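Okay, everyone, thanks for coming. Let me put the thing up on the screen, and then we'll walk through it together.

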Amino acid sequence: MSAPTMPVRREPPPHPSGNGAGPEVATAAPAEDPRPRDVEELCEQFVLVCESAVDPLEISSALEFDGLSDQAVRKRYGVSDVFALAEEMYRRVPRRPAEPEPLPDPWRVSKLRPALHGLLYGLPTVCFPAAAGLLAGRGVLSVLIVALLTSWALSQALAYLGYVRLGRGDAPQAARLLLVGMAAGTVGVVLAMAVTALVAHVHIPALVFGVGLGAYMLGATVLMVLGAERLLLVVLAPGVLGSAVFLVLGRPPQLEYAVWGALAATPLLALGLAAGRAAREAGLLGRGGRRARTGLSPAKLLVAADLRGALPSAGFGLVAAGLLVLPVAVGLPAHQGTNTGALLASLPLALSMGAAEWMLIWFRRRTQKLLRATQELRVFSIRARLVLFAALSQYLAAAMLLAVAVIAAATETRLIYPHWTLLPQIAVYMALGGAMFNALLLQAFGSRTFPLVACAVALAVEVACRGLGVPAQLVVCTELLVVLAGYAAFVLGKAVRHAC
Amino acid sequence: MKVAMMTEGTYPFGFGGVSVWCDQIIRGMPGYDFRLVAIVATDAEQVVWSLPDNVSSMVKVLLWGPPLAGHAAGRREALPLRLLRELVDTLLDSSAEVQPRFGDVLRELSEFAQRGSLSAGLASEKAVRLLSEAWRDRWSDTGQPAPTLHDAVTAMQLLEHSLRPLSYPPVQADIGHAVTNGLGVLPALAAKWQYGMPMLVTEHGVYLREQYLQNRRGPYRWPVKAFHLGFMRRLCALGYSEAETITPGNVYNRRWEERLGAEPKRIRTVYNGVDPANFPALTGEPEVPTISWVGRIDPIKDLETLLRAFSLVHHEMPEARLRLFGSPPKGREPYLQRCRALATDLGIGEVATFEGRIENIRDAYDAGRIVVLSSVSEGFPYSLIEAMTCGRTCVATDVGGVTEAVGDTGLVVPPRNPALMAQGCLTLLRDAELRHRLGAAARTRALENFTVDGAINTFDEIYSFLGAGRPLPTAPPEPDADDQSGELLPWDAAV
């Protein structure tokens with residue numbers, strides 16, 4: 001009658017008398033009702049229904065659904081009506097409910113996707129040293145910091161809005177929202193750069209680089225939310241390959257303009273491909289679009305509640321970017337754009353976000369299995385915390401392996417000459433990575449305020465103690481890791497948090 | 001007079017019979033001011049009807065998505081543990097004596113939902129603990145698969161979503177008219193408890209029966225299913241006992257309503273109606289002996305049986321054709337594919353044609369010499385009374401209110417029985433005199449009993465009595481649904 005509002009499968013059950021099977025014989029069969037004349041036989045026919053019934057009314061509905069009426073029941077079985085027959089059948093057949101068919105595991109995803117994500121997060125790191133020529137002069141540091149903070153905050157908010165809309169099963173509207181959000185975000189980045197230029201005197205090339213960074217982040221966010229990670233590889237190809245070749249060749253000055261061109265191609269591609277993809281999904285391109293065909297008026301693009309919901313995401317993006325940038329920025333003279341050592345230390349962290357995604361999925365699958373196998377809350381909470389500890393340990397191990405690999409590769413290509421002073425910086429990033437992993441986990445389970453506040457406090461302390469250098473960062477990041485892990489253990493030990 | 005009309009998953013967000021009915025009632029009663037309370041799954045759903053001028057407001061009640069944003073802010077009062085425990089106890093106890101207690105608990109929950117966050121209370125670890133412990137206490141002796149924590153979490157989550165309508169501010173009017181039982185009566189109950197608004201419940205199908213059928217094959221494990229259906233049963237029984245008047249769309253539904261405790265004297269059957277101006281009598285018949293079917297392409301319409309029946313007809317009468325008008329709703333496209341494949345397998349792919357949605361539905365009835373309905377579940381189907389108003393006789397399955405609609409003006413056959421359906425079709429296709437006589441009788445019957453004006457007049461009367469706080473005059477005794485069987489019931493002989 002009505003459209004389903006509760007999520008239940010709505011296939012009518014197969015016909016118990018087996019009308020659906022067997023060869024099709026096109027003959028006018030005798031008009032005989034195939035139902036048995038005996039209640040016991042009827043019970044056998046409906047045995048699955050009876051064994052799984054929660055009460056006699058469930059059997060009544062099944063009997064009626066099969067075409068039995070009160071009149072037929074009276075004639076055939078000599079009972080007053082379908083309800084009485086169902087009660088009799090409920091009495092005769094003991095309850096032995098069948099287990100429902102297992103639903104497809106939503107967390108069963110290929111390992112390739114998180115790995116690809118890690119690569120995508122890490123690859124842009126290569127572009128910074130290649131762009132050193134652009135990033136010279138006064139105020140560059142402010143440009144980079146403002147660009148990173150703005151674009152992280154905007155892209156986190158945009159991703160949130162896109163996923164929320166996708167979660168409501170409204171893909172065309174989600175794509176439309178992403179398209180509009182990307183345009184608005186790019187304008188936002190440009191404005192932020194303009195304000196920075198007014199406050200600090202900055203060279204134009206650095207400003208352009210900042211705008212490009214923001215445009216890339218926003219375009220990449222749209223492509224990721226739309227599940228088009230592979231297009232991101234195309235986006236990154238010119239910038240990353242150009243930079244890599246430039247660096248490996250030892251930064252030949254005659255190639256400088258070429259590499260800047262390649263760097264410019266990446267944000268332009270990001271915006272172009274993301275816009276194209278989103279427009280296609282929104283039905284704005286191609287054959288008229290889905291919405292146009294149904295003739296429905298589209299739902300409101302943005303409601304106040306969604307915008308409010310996006311605020312913690314924007315805040316977290318801002319704070320996370322701050323935490324990542326700070327070690328790179330601290331201790332640099334104001335005119336220098338990059339700190340190669342710290343930048344290199346941040347690369348394993350970016351790559352390890354792929355491992356973090358994978359461990360997040362692993363944690364989900366493990367705890368879902370646990371929830372289905374446990375009857376006591378106490379047992380569940382102990383085991384869930386052990387799973388959390390295992391996930392965190394595995395993440396940290398993966399991050400360390402990546403760090404070792406990156407340092408080995410960088411040494412091999414003579415980008416750096418390793419020195420023990422790099423170690424504390426790497427430790428800072430490992431602790432920060434662990435903290436981010438816990439923050440992501442908490443966010444995935446619907447706890448968004450606590451990680452935001454904890455990270456914001458940590459950032460404030462780091463900024464206040466920036467004169468104390470790496471040791472202070474190490475202390476703060478380690479404490480952040482401990483606090484977030486402790487809170488995660490508290491929150492994720494509750495069964496109700498694992499509802500999905 | 002102001003009427004708060006409560007719907008679930010239908011008007012004005014969906015198509016289908018119930019939505020058509022709501023639109024007819026509201027448009028037909030311009031003197032009333034309607035306030036819609038529409039329960040839908042998520043915010044993504046959109047209004048697909050243009051709302052008449054006498055709809056003065058609409059509240060969209062969301063069952064899924066995040067719980068009411070902003071609404072719950074500032075409500076810090078925690079759901080009392082005692083109330084939570086009583087709720088769980090009444091839902092796990094299936095004895096009849098507990099029903100009044102369930103009503104009291106729900107009323108308290110409804111009052112609490114206006115002060116504190118009911119969703120937060122039901123989605124809490126405390127609630128999960130209560131349910132899992134209550135289960136453990138009761139489960140030891142049953143020998144059935146024990147409930148897990150996942151079951152407890154899922155069951156409480158379903159309950160939390162089901163009770164979300166209580167967290168919206170009740171809509172004030174002179175009457176609350178729930179156009180369904182179940183979740184749709186929650187806003188009507190809340191309004192009744194808060195403002196003393198009399199409550200009217202209209203049912204086209206039987207809500208609880210549909211719940212049983214939907215949950216038969218999962219996706220939930222037995223403990224969750226039992227808990228959820230237990231809640232639905234209690235809620236539907238409460239809807240019947242709290243309603244001042246119950247208006248089923250057919251006599252057949254009364255059985256379930258009375259079974260669940262509805263007082264017979266409060267039940268008044270009101271049949272669906274069509275506007276005769278839209279369905280004038282058809283003149284003439286198609287030259288080829290054609291059977292016409294109209295509806296949504298949906299498993300509940302059991303097109304497999306229809307196709308099998310037609311393959312038997314085709315065997316006897318090779319020139320016969322079957323034309324199916326209608327399209328599958330979103331997500332049911334695979335069913336259409338299955339039906340097409342079946343038609344091909346049966347060798348009737350050329351003569352049984354799926355024609356899609358039709359602009360003027362009367363043309364669909366015009367396309368057939370007879371109209372057939374093969375559904376396994378129906379309330380009081382519009383396609384049938386429309387065809388009758390056009391003067392077409394039909395072969396229809398004996399489900400829901402079909403026998404009441406058809407009476408002795410067509411053939412009623414048991415559902416899921418291709419042989420008998422084929423026999424009925426052949427009888428009518430071969431005997432032009434019988435077909436025309438029944439067609440004329442069908443039109444007379446429809447014009448007398450199933451016009452939209454008739455339905456509107458009845459609701460006008462019910463509204464004015466309820467709004468004035470007077471009891472409805474006793475309705476004339478209604479015939480037993482079983483006694484209204486069609487003229488020729490070929491399966492009667494077989495029973």
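This is a predicted model: local features need pLDDT of at least 70, side-chain atom pairs count only at pLDDT 80 or more; totals for chains, interfaces and linings use all residues.

As background, in soluble globular proteins nonpolar side chains tend to be buried together.

Let's zoom in on A:Cys455. If we skip its neighbours within four places in sequence, A:Cys455 is in contact with A:Phe316, A:Val319, A:Ala320, A:Leu323, A:Ala439 and A:Leu480.

Staying in chain A, have a look at helix H3, residues 56-65. This one is mostly covered, with 9 of its 10 residues buried. Among those buried are A:Leu57, A:Ile59 and A:Phe65, but also A:Glu58 and A:Glu64. What do they pack against? From chain A there are helix H2 (47-52) and helix H5 (82-92), and from chain B there are helix H8 (207-214) and helix H9 (222-242). After H3(A) comes A:Gly67, with a positive phi near 100 degrees.

Now let's step back to the domains. Chain A is split into domain 1 (39-92), domain 2 (112-302) and domain 3 (339-500). The C-alpha centres of domains 2 and 3 of chain A are 25 Å apart. Their contact uses 12 residues from domain 2 of chain A and 14 residues from domain 3 of chain A. On the domain 2 side, helices H6 (112-122), H7 (127-130) and H11 (229-248) of chain A each supply at least two residues, and H6(A) gives the most, with 7 residues.

Over to chain B for some strands. Here 6 strands make an open sheet, in the order E3-E2-E1-E4-E5-E6, with parallel pairing. Strands E3 (55-62) and E6 (245-248) of chain B are at the edges with a single partner strand each, so one side of each has no neighbour in the sheet. From one strand to the next, the twist averages 20 degrees. Inside that sheet, 3 bridges join E4 (175-178) to E5 (199-203) of chain B, and B:His177 sits opposite B:Leu200.

One last stop: strands E8 (321-325) and E9 (352-356) of chain B run parallel, joined by 4 bridges. B:Arg323 has B:Thr353 as its bridge partner.

Notes. Residues are numbered from 1 along each chain as its sequence is written. Chains are lettered from A and ligands numbered from 1 in the order in which they are written. Two strands pair if DSSP finds at least two bridges between them. Axes are lines fitted to C-alpha atoms, for helices over the stretch in contact, and angles run from 0 to 180 degrees between N-to-C directions. Two residues are in contact if their C-beta atoms, placed from the backbone, lie within 7 Å. A residue is buried if 20 or more other C-beta atoms lie within 10 Å of its own, exposed if 12 or fewer, and partly exposed in between; C-beta atoms are placed from the backbone. Domain bounds come from an automatic or database domain assignment.
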